[in-house]
Amino acid sequence: MTAEDIIISPVLTEKSNDNIHAKRYAFIVDVRADKKQIKAAVEHIFDVKVERVNVVTVRGKLKRQGRTQGYTPERKKAYVTLSDSSKAIPFFETLS
């Protein structure tokens, strides 16, 4: 997988926006990616220095429509903390 395949999209919620000032960002990542791959992808795409990566796997929700039911896709969220000496990611700085 390439770096662009690992990072799917940023998470833009109130909770993630509160952490921007602490240089902590949230991303939806590929389910098969591990912490080392996520760290390398963020460092490659945004040209920053990553200090820590926390990963949460979010199970799919049960959805029903009439008699049929199924689950939404499982996804993985990564909370990336940048080092103090690293610059901030410009995309997120425009949001706050």
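1. Where is Ala22 found? Ala22 lies in the loop that runs between helix H2 (14-18) and strand E2 (24-29); helices (H or I, at least four residues) and strands (E, at least two) are DSSP runs, numbered from the N terminus. Ala22 counts as exposed because its relative accessibility is 54%. Buried means under 20% relative accessible area, exposed over 50%, and partly exposed in between, with a 1.4 Å probe and protein chains only. The C-alpha atoms of Ala22 and Thr81 are separated by 8.0 Å, although the two residues are 59 apart along the chain.

2. On the source: this is a predicted model, in which local features need pLDDT of at least 70 and side-chain atom pairs count only at pLDDT 80 or more, while totals for chains, interfaces and linings use all residues. Residues are numbered from 1 along each chain as its sequence is written, and side-chain values use heavy atoms, with hydrogens and water left out.

3. The largest nonpolar core has 19 residues, and Phe27, Ile38, Val42 and Val80 touch the most other members. Helix H1 (3-6), E2, helix H3 (35-46), strand E3 (50-58) and strand E6 (75-82) each supply at least two residues of this core. A nonpolar core is a set of buried Ala, Val, Leu, Ile, Met, Phe, Trp, Tyr and Cys residues joined through side-chain atoms within 4.5 Å.

4. Neighbours within four places in sequence aside, Val42 is in contact (heavy atoms within 4.5 Å) with Ile7, Phe27, Asp47, Val48, Val50 and Val80.

5. Strands E4 (residues 62-65) and E5 (residues 68-71) pair in the antiparallel sense over 4 bridges; two strands pair if DSSP finds at least two bridges between them. Arg64 has Gln69 in E5 as its bridge partner. The two strands form a hairpin with 2 residues between them, and Gly66 in the turn has a positive phi of about 65°.

6. Side chains of opposite charge can pair when their charged atoms come close. A salt bridge here is a side-chain nitrogen of Lys or Arg within 4 Å of a carboxyl oxygen of Asp or Glu, and the count by this rule is 2. In one, the closest N and O atoms of Arg32 and Asp30 are 3.0 Å apart; Arg32 is exposed at 63% relative accessible area, whereas Asp30 is buried at 13%. In the other, Lys49 and Glu43 have their closest N and O atoms 4.0 Å apart. Lys49 is partly exposed at 45% relative accessibility, and Glu43 is partly exposed at 23%.
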